[in-house]
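Please keep the sequence and the structure open side by side while reading this note. The points below are meant to be followed one at a time, with each named part located before moving on.

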Amino acid sequence: MAQKIVAGNWKMNLSLQEGLTLISETTNMLKDEKRNDAKVIFATPFVYLHAVRNLVEQTSGTYLAAQNCSEHTKGAYTGEISASMLASVGAGYVIIGHSERRLYYNETHQQLAEKINRALEENLQVIFCCGETIEIREKNEHIEFVQKQLAGSLFHLSNEQMKNIVVAYEPVWAIGTGKTASTEQAQEMHAEIRKYLSEKFGTETAQNTSILYGGSVNAGNAKELFACPDVDGGLVGGASLKSRDFTEIIKAYNP
Ligand code: PEP
């Protein structure tokens, strides 16, 4: 069984004070709940990781993620952040291959594969993002497109390494647009991803890999998306910036 996960990607938003408040409010609201077994991840800007670490670690079931890391181990790469630096400030996860990084920073399959290697060397868990643009979906090439992303950055890994990979399917046309994939569209792609992983890594690894949906998830649509058999949770952008909304999304897993 794949672990259920709800991850909030803050992107380049919030001050440190606002971030601390958001984490405190969210974890306080969750304390009063009969907790489900979904892991909650806060993916904060790099510079906040160290400062929010204690707060996140105080609450069981909550984890800290970075939003990117360098493909290099260390050295003369001004402005870059290595996977070992992330591990040293308490990040347990790192998002790799978000569509905004692929688009604005031209990150390639090969570069993402290297970033994943660096993250795994530091025992970080990777949230690997994939997803098609609207043009690709309209040409009905979305499944092949996502398969290429998976093969290009994950298929060099061993089954053992795949235990540390979470896949996030995020159709680019649904990110930050308010247009969510329908449950049929989400389930279709998630099932295809699992099938493709199973062809490469076997059924057990595929069944145990968490596949999250991302793209305008909110308190109103989380429950039906998370109810899809191959959707193991969500990667949430905008709605993760408000404690009440994020908490409601996490609670979508409550019995
Ligand atoms: C994201 O950026 O990962 C995302 C899913 O954003 P939003 O929820 O705002 O669409």
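**Notes on the predicted model**

1. In this predicted model, strand E3, covering residues 62-66, pairs in the parallel sense with strand E4, covering residues 93-96, and the pairing is made over two bridges. To find a place where the two strands meet, look for Ala65, whose bridge partner in E4 is Tyr93.

2. Lys4 is found in the segment before strand E1 (5-9). Is Lys4 buried or exposed? With a relative accessible area of 18%, Lys4 counts as buried, because buried means under 20%. Leaving aside neighbours within four places in sequence, Lys4 is in contact with Asp37, Ala38 and Lys39, and also with Val231, Asp232 and Tyr253.

3. Tyr104 has its place in helix H4, which covers residues 99-104. The relative accessible area of Tyr104 is 57%, so this residue is exposed, given that the word applies over 50%. Together with Leu103 and Tyr105, Tyr104 makes a nonpolar surface patch of about 400 Å².

Methods:
Residues are numbered from 1 along each chain as its sequence is written. This is a predicted model: local features need pLDDT of at least 70, side-chain atom pairs count only at pLDDT 80 or more; totals for chains, interfaces and linings use all residues. Side-chain values use heavy atoms; hydrogens and water are left out. Patches are made of residues with over 30% relative accessible area and no salt bridge: like charges are joined within 9 Å, nonpolar side chains (Val, Leu, Ile, Met, Phe, Trp, Tyr) within 5 Å. Accessible areas come from the Shrake-Rupley method with a 1.4 Å probe; for residues, only the protein chains shown count as cover. A salt bridge is a side-chain nitrogen of Lys or Arg within 4 Å of a carboxyl oxygen of Asp or Glu. Helices (H or I, at least four residues) and strands (E, at least two) are DSSP runs, numbered from the N terminus. Buried means under 20% relative accessible area, exposed over 50%, partly exposed in between (1.4 Å probe, protein chains only). Two strands pair if DSSP finds at least two bridges between them. Contact means heavy atoms within 4.5 Å.
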